[in-house]
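Here are my notes for you on this one. Keep the viewer open while you read, and click on each residue as it comes up.

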Amino acid sequence: MEHPENDEAYKGLKVNKGVADVPTVNPYLQKRIRKSFTPTEYVDGILDGNITILSQAVTLIESAKPEHQQVAQEIIERCLPYAGNSVRIGITGVPGAGKSTSIDAFGMHLLEQGRKLAVLAIDPSSERSKGSILGDKTRMEDLAREKNAFIRPSPSAGSLGGVARKTRETIVLCEAAGFNTIFVETVGVGQSETAVHSMVDFFLLIQLAGTGDELQGIKRGIMEMADGIIINKADGDNIDKANLAAAQFRNALHLFPPTNSGWIPKVLTYSGYYKLRIAEIWEMVDEYITFTRENGFFDWKRREQSKYWMYESINESLRDKFYHDPLIENRLKLVEQKVLENRLSSFMAAKEMIDLFLENISGNQK
């Protein structure tokens, strides 16, 4: 008997049959499990403009697993001959400047011109949890619905140099997939601007007006990198403030030395939310691209960027080999403890570890 409690001896007590447990695994999940492709299938899918395969290939690039990296590098090498045919634009600005909203407006304007757009957004990761929200798509509502737009947020994961390298590799795949305009949005803080500047053709700085002392936004480093400065939220009661801020930025630009390209950066006002004067901004970008192509700076900059990333890749590769060396891993904690106890200086500790690493390499080569 399934329930002895239902026996005549237990009148007044009845236990009904329970409800069967609901399976914890979605029965339809098997149909949705991501298929693993060969490198040839990845490349063919990317060249055909398959967004799903492109997304999976980008995931391989971002993966830290050695087997994923090996496949990713093969895909990149095979896509390289089909890359380089886009205009790469870096977009930066302080948090709250309206970068994502502006990108949504810019992107829709470009799609109306028949362009294909890829947006690569570098999202800051939490120092505590190491996680990222990756919510840029929620502020790009119009672009997210367009078939000719590809939006890919990537976590910085505490390593701006690392994510910047992966972003550069992602650009190669997006260009091979037929996207002729690439936006790279920075986290808007620290050294991310320098990293992004080293992989784009045009660097756009978004500023705000009416938030206090506009001169606080005029920082020499970022201003020198900018090819164009645009003042957002120039609408309603804020128009006069935006025009005043634009005048201040123009005056500041006159104090800087001439740019290597020979281009004089422009300062424009617009409203990303209300989509006002968007066309003027892209006339400026197109004018810059034409100007630099004609004087040879465009191609020269691309070559310099390739050289820069070669050395960056060497530096990162050496760093990874150092920290994953078994001998270094075993000795590092001991040396670290000596530094914490003031028995060894930081500089001598670093020299000791590097000498050990080099000796180990020399010994293995003999």
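Predicted model: local features only at pLDDT ≥ 70, side-chain atom pairs only at ≥ 80, totals over all residues.

1. In which helix is Tyr311 found? Tyr311 belongs to helix H12, which covers residues 297-323. Tyr311 counts as partly exposed, because its relative accessible area of 47% falls between the 20% and 50% cut-offs. Together with Met310, Ile314 and Leu318, Tyr311 makes a nonpolar surface patch of about 400 Å².

2. Mean pLDDT for the protein is 84, with 80% of its residues at 70 or more.

3. Next, have a look at Arg115. You'll find Arg115 in the loop between helix H5 (99-112) and strand E2 (117-123). Is Arg115 buried or exposed? Arg115 is buried, because its relative accessible area is 16% and the cut-off is under 20%. The side chain of Arg115 makes a polar contact of 3.1 Å with the side chain of Asp286, and another polar contact, of 3.4 Å, links the side chains of Arg115 and Gln113. Setting aside neighbours within four places in sequence, Arg115 is in contact with Leu110, Asn148, Asn180, Thr181 and Asp286.

4. Ala83 sits in a loop as well, the one between helix H4 (66-79) and strand E1 (87-93). Ala83 is buried, with a relative accessible area of 17%. Which residues does Ala83 touch, if you don't count those up to four places away in sequence? They are Val172 and Glu175. Also check Gly178: it is 95 residues from Ala83 along the chain, yet their C-alpha atoms are separated by 8.6 Å.

5. Finally, two backbone angles to look up. Lys233 has a phi near 60°, a positive value in a residue other than glycine. Lys233 lies in the loop between strand E6 (228-232) and helix H10 (239-253), and is partly exposed at 37% relative accessibility. Asn342 also has a positive phi, near 60°, and isn't a glycine either. Look for Asn342 in the loop between helix H13 (326-340) and helix H14 (346-365). Asn342 counts as exposed, because its relative accessible area of 71% is over 50%.

Key. Residues numbered from 1 in each chain as written. Heavy atoms only, no water. Helix = DSSP H or I, 4+ residues; strand = E, 2+ residues; numbered from the N terminus. Buried < 20%, exposed > 50% of the residue type's maximum accessible area, 1.4 Å probe, protein only. Polar contact = N/O pair within 3.5 Å; in protein donor to acceptor, adjacent residues only side chain to side chain. Contact = heavy atoms within 4.5 Å. pLDDT = per-residue confidence, 0-100. Patch = residues over 30% accessible without salt bridge, like charges linked within 9 Å, V, L, I, M, F, W, Y side chains within 5 Å. Areas by Shrake-Rupley, 256 points an atom, 1.4 Å probe, with all protein chains shown as cover. Salt bridge = Lys/Arg side-chain N within 4 Å of Asp/Glu carboxyl O.
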